Amino acid sequence: MTEVPRVRGEHLQERAEPQDPPPSSYLGDWAPKLRPGCGAAQSMASPGTSVSSPELPEQNFQYREVQYWDQRYKDATDSGPYEWFGDYASFRALLEPELCPEDRILVLGCGNSALSYELFLGGFPNVTSVDYSPVVVAAMQVRYAHVPSLRWETMDVRALDFPGDSFDVVLEKGTLDALLAGERDPWNVSSEGVHTVDQVLTEVSRVLVPGGRFISMTSAGPHFRSRHYAQSHYGWSLRHTTYGSGFHFHFYVMQKGRELNVTQLALGAQLLSTPSPPASPCFLQDSDNEDFLGAIHL
Ligand SMILES: C[S@@+](CC[C@H](N)C(=O)[O-])C[C@H]1O[C@@H](n2cnc3c(N)ncnc32)[C@H](O)[C@@H]1O
């Protein structure tokens, strides 16, 4: 599998175990592809279940396309769960204190993860899970048919088909990362990328009740992700922590009806400001005519 240049930044990353060292499992246009066999589903797979390595996209931007996910999930009915950015055990201690047993919970981009079922087992039974891949939604309906309080629907998270104020908690794990996959420069997300994330967050804010929480689990650290979340029009506050041993993942909690602080608002403003143009290059084609003074910006 071809390797492409690596740069630091936000990336979509597939991991077998949170304890694994990160470099070989970084995925991105700027990162080496995961070696086949490194992305096997992890310990959540039930005993005796056949678990094969997922098919990786040729190009990282394909993580944004439903066709890729449909193809990847074609055997999901017969395989065990696959967890992005850690399984339930790895973030349980952070997640459960944010939840009440009676909460109406919405899981965005549920994929083949056991998160929704683990919520049920943990005493949070009212869970609706959506994914735009009808293939994985059908597979989850079959896998968890014995748990009627778990609902599964095919839906695009950019346009949720739920009325306003209908959930107490919205969770996402790796779904925004998929929507941002293929971004060339994580420091300067394209206007298309900013718009896509805004579509999702606007929908999340709309379906949350006042006081509701949006919880996001991701490989994207605050320097890349916080400015997306720190927008006053969503009407929520922002907290951040990490989970996982060895390599850390990021856990963000937004609470609707609370406020961002001044620092966060300033950070959020950076997302909407026009990136400053690069400094004038200093051309050195002809040493006799070099204008060194012209290259000095006072
Ligand atoms: C990186 S996987 C994460 C799966 C799961 N949440 C987990 O933690 O393992 C991203 C998931 O988001 C889904 N997805 C991507 N874009 C979506 C969209 N616009 N609407 C709904 N689901 C989407 C994909 O089908 C895929 O299942």
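Q: Are Y229 and Y252 buried or exposed?
A: Let's start with the general idea: a residue is called buried when its relative accessible area is under 20%. In this predicted model, Y229 is buried, and Y252 is buried too.

Q: And how do I read a pair of aromatic rings?
A: You describe such a pair by two things, the distance of the centres and the angle of the planes. Counted by the rule for ring pairs, there are 23 aromatic pairs here. Take F85 and F249: their ring centres are 5.6 Å apart and their planes sit at 40 degrees, so this pair is tilted.

Q: Which parts of the chain does the pair of F85 and F249 tie together?
A: F85 is in the loop between helix 1 (66-72) and helix 2 (88-95), while F249 is in strand 9 (residues 249-255), so the pair links parts that are 164 residues apart in sequence. Both F85 and F249 are buried.

Q: What kind of aromatic pair do Y229 and Y252 form?
A: That one is edge-to-face, with 5.2 Å centre to centre and 75 degrees between the planes. Y229 belongs to helix 7 and Y252 to strand 9, so here the parts tied together are 23 residues apart in sequence.

Q: Where is R227, and what is it in contact with?
A: You'll find R227 in helix 7. With a relative accessible area of 8%, R227 counts as buried, because the cut-off is under 20%. Setting aside neighbours within four places in sequence, R227 is in contact with P186, W187, P222, L267, G268 and L271.

Q: Which residues of helix 6 are buried, and what covers them?
A: The buried ones are G193, V194, T196, V197, V200, L201, E203, V204, S205 and V207. Their cover includes strand 3 (105-108), strand 6 (167-173), helix 5 (175-180), strand 7 (208-218), helix 7 (222-229) and helix 8 (262-272).

Q: How do I tell whether a strand is covered on one face or both?
A: Sort its residues by the side they are on, then check each side. In strand 4 (residues 127-131), five of its five residues are buried. V127, S129 and D131 are on one side, T128 and V130 on the other, and both faces are covered.

Q: Which strands pair with strand 4, and in what sense?
A: Strand 3 pairs with strand 4 in the parallel sense, over four bridges, and L106 stands opposite T128 in strand 4. Strand 5 (residues 150-154) also pairs with strand 4 in the parallel sense, over five bridges. There, S129 stands opposite W152 in strand 5.

Q: How does the chain cross from strand 4 to strand 5?
A: The path goes through helix 4 (residues 134-143), and this β-α-β crossover is right-handed. Strand 3, helix 3 (residues 115-121) and strand 4 make a right-handed β-α-β unit as well.

Q: How many helices and strands are there in the chain?
A: Count eight helices and nine strands. Of the 298 residues, 51% count as buried. If you take contacts between residues at least 6 apart in sequence, 70% of them join residues at least 24 apart. As for the surface, the chain exposes about 14200 Å², and carbon and sulfur atoms supply 55% of that.

How values were computed:
Residues numbered from 1 in each chain as written. Predicted model: local features only at pLDDT ≥ 70, side-chain atom pairs only at ≥ 80, totals over all residues. Heavy atoms only, no water. Buried < 20%, exposed > 50% of the residue type's maximum accessible area, 1.4 Å probe, protein only. Helix = DSSP H or I, 4+ residues; strand = E, 2+ residues; numbered from the N terminus. Contact = heavy atoms within 4.5 Å. Areas by Shrake-Rupley, 256 points an atom, 1.4 Å probe, with all protein chains shown as cover. Pairing = 2+ DSSP bridges. Right-handed = clockwise from strand over helix to strand, strands pointing away. Phe/Tyr/Trp six-rings, centres within 6.5 Å; stacked < 30°, edge-to-face > 60°.
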